Amino acid sequence: MSDQEWSLTSDQRKSTVARVAANISTIAFSKGQQVSDADAERAAENAERKAYTVARVEAKTTTGVRPHSETYEAYTRKLASLVLEAITTGHKQAEPAGQNGINTSTVVDLTGEREFLTKESAEAALAALLAPGSKVSQIKFSTKSFGIEAAEVAARAIGNVISSLTHADISDIIAGRPEKEVLGALQIISQALAKAKLKALDLSDNALGQKGIIACTSAFAQQPALEELAFQNVGCSINACTSLAELVQNAQELRSMRLYNNMSDDAGAAAIAKILSRAPKLEAFRMASSRVGLDGGVALANSMATGNCLQRLDLSDNPMTGDVAESLAEMLKGQPHLRALNLNDTSLEDAGVSTIAQALANSAPELEELELALNEVTPDGAKELSAALAGKSKLQKLNLRENELEDRGIILLCGPIQSLPSLRVLDLAQNQVRRAGALAVTKAVADKQQLEMLDLDANEIPDSAIDDVKAILKKAGKASALGSLEENDPDAADDDEEEEDDAEEEQVSKGNSVVDTLTDLLGKTGLTGK
């Protein structure tokens, strides 16, 4: 391994650009395309610049630098793929909008192919923000990786539009960078954002952890009008959540807070609950896949009860258990504007689902989406759920997949389902549904004008019943609404019937054997009456 980092001289890079431009022209001509020399050169310069940036980043390792041959191979491989992309897309580069170089667009979105930005490439990517007189209100830097120098360019660009900027999406902007560089870049960009009057900030998909959240403090801690805040998939551990709760003191205007795929646990959820208790205008909250248990779920539910503006709630994929239902139910009773509730995979079981259903029966008149998948709901739970669905005229989506409803539970739900005029999506996959349940629910939804999806996959519906289901939907003009049935097991019902028959025969055989044995014994004692 060489001690010196791989690089190319300016002359070497210019020579490469010239050869690539000639190749683009030649290949385009062979494909019958007309490409000007200027377009070919611009495409070549752009491809070489991106390839060189990638190679320079890959040249570094945690223990030093890569062999030059490996780095050069990465450079040529990336360059080849970019040239192919240039030929495929027509070689043209975007021109600045507006007159006199002034950007008139209100949105700058860098999302696209992943790229490690250098100072030069950042200046090119952010030209619309850097242009004098630009009035940009929304920025999105996702998929571009910012080091220190690129972050300094971003800070200048943000500073240039600071008076108009209200929405900042800086999710996924540090991929592949070492920690020291990451923290520095985040701090630089956050300090620039501190001067804006932000309404929305998204820091998702960055490996933040507690250190990263502290590095980003300037971006959100003192924003008086912040309405939306997102920390999804950022490593928001217990300590990180605790720091977040300490930093977000001003939450009076907060309308939306989204966390997902973190390792927050109960203690982290309790910390986030402190923020929610200071957010009386909260309309949307998500804390899915974050290892939140009973105590954390109760803390979140109690904190959201301080307001009555909630419209969307997603606590899915958390092992809260049915014991959390009472606290959630009490909170839900006070949310008249609720439109979407996602409690998928929260281990509620029949008791928990019944408690939630009872709360919804007399509240949430605006409910549009209800998701209770993966909660081990049986026909017993379907009874209360049936009552909750009655009168929900705006319900568009009902997700009950991967429960244990069976035919009996499905049939209990059919009456209320039939009375839902706005239903678009009904997911009953993997519920041990057979002929009776499949036919009953198909008839219940066949007349729904807005029906887009009926999912009955991974059940135990016989082939003959599937034919009947398809015929019913076709007659109603809804044949396309039936989802895939690739995982359905049409032979399962027959197998169960055969097992039942075998069991009955075995019982008869055992019974006969017992009778024979008793008869033999009684004969020996002279008590058979013979």
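How many salt bridges does a search of the whole structure find? The search finds 24. A salt bridge here is a side-chain nitrogen of Lys or Arg within 4 Å of a carboxyl oxygen of Asp or Glu. Side chains of opposite charge can pair when their charged atoms come close.

This is a predicted model, in which local features need pLDDT of at least 70, side-chain atom pairs count only at pLDDT 80 or more, and totals for chains, interfaces and linings use all residues. Residues are numbered from 1 along each chain as its sequence is written, and side-chain values use heavy atoms, with hydrogens and water left out.

Start with Glu179 and Lys211. They form a salt bridge, with the closest N and O atoms 3.3 Å apart. Glu179 sits in helix α7 (residues 179-193) and Lys211 in helix α8 (residues 209-215), so the pair ties together parts that are 32 residues apart in sequence. Helices (H or I, at least four residues) and strands (E, at least two) are DSSP runs, numbered from the N terminus. Lys211 counts as exposed, at 54% relative accessibility. Buried means under 20% relative accessible area, exposed over 50%, and partly exposed in between (1.4 Å probe, protein chains only).

Next come Lys394 and Glu366. Their closest N and O atoms are 2.7 Å apart in a salt bridge. Lys394 lies in the loop between α15 (379-389) and β15 (397-399), and Glu366 in the loop between α14 (349-361) and β14 (369-371), so the pair ties together parts 28 residues apart in sequence. Lys394 is partly exposed at 36%. Glu366 is partly exposed at 29%.

Strands take part too. Lys397 and Glu371 meet in a salt bridge (3.5 Å, N to O). Lys397 is in strand β15 and Glu371 in strand β14, 26 residues apart. Lys397 is partly exposed, at 25% relative accessibility, whereas Glu371 is buried, at 11%. Elsewhere, a network of salt bridges links Arg401, Glu402, Asp427 and Asp455.

Now turn to two helices. The axes of α17 (residues 435-445) and α18 (residues 463-475) come within 10 Å and cross at roughly 5°. Axes are lines fitted to C-alpha atoms, for helices over the stretch in contact, and angles run from 0 to 180 degrees between N-to-C directions. The two helices are therefore roughly parallel to each other, a label for angles under 35 degrees. Contact means heavy atoms within 4.5 Å. Among the residues of α17 that meet α18 are Arg435, Ala438 and Leu439. On the α18 side, they include Asp468, Val469 and Ile472.

Technical notes
Parallel < 35°, antiparallel > 145°, perpendicular 65-115°, else oblique.
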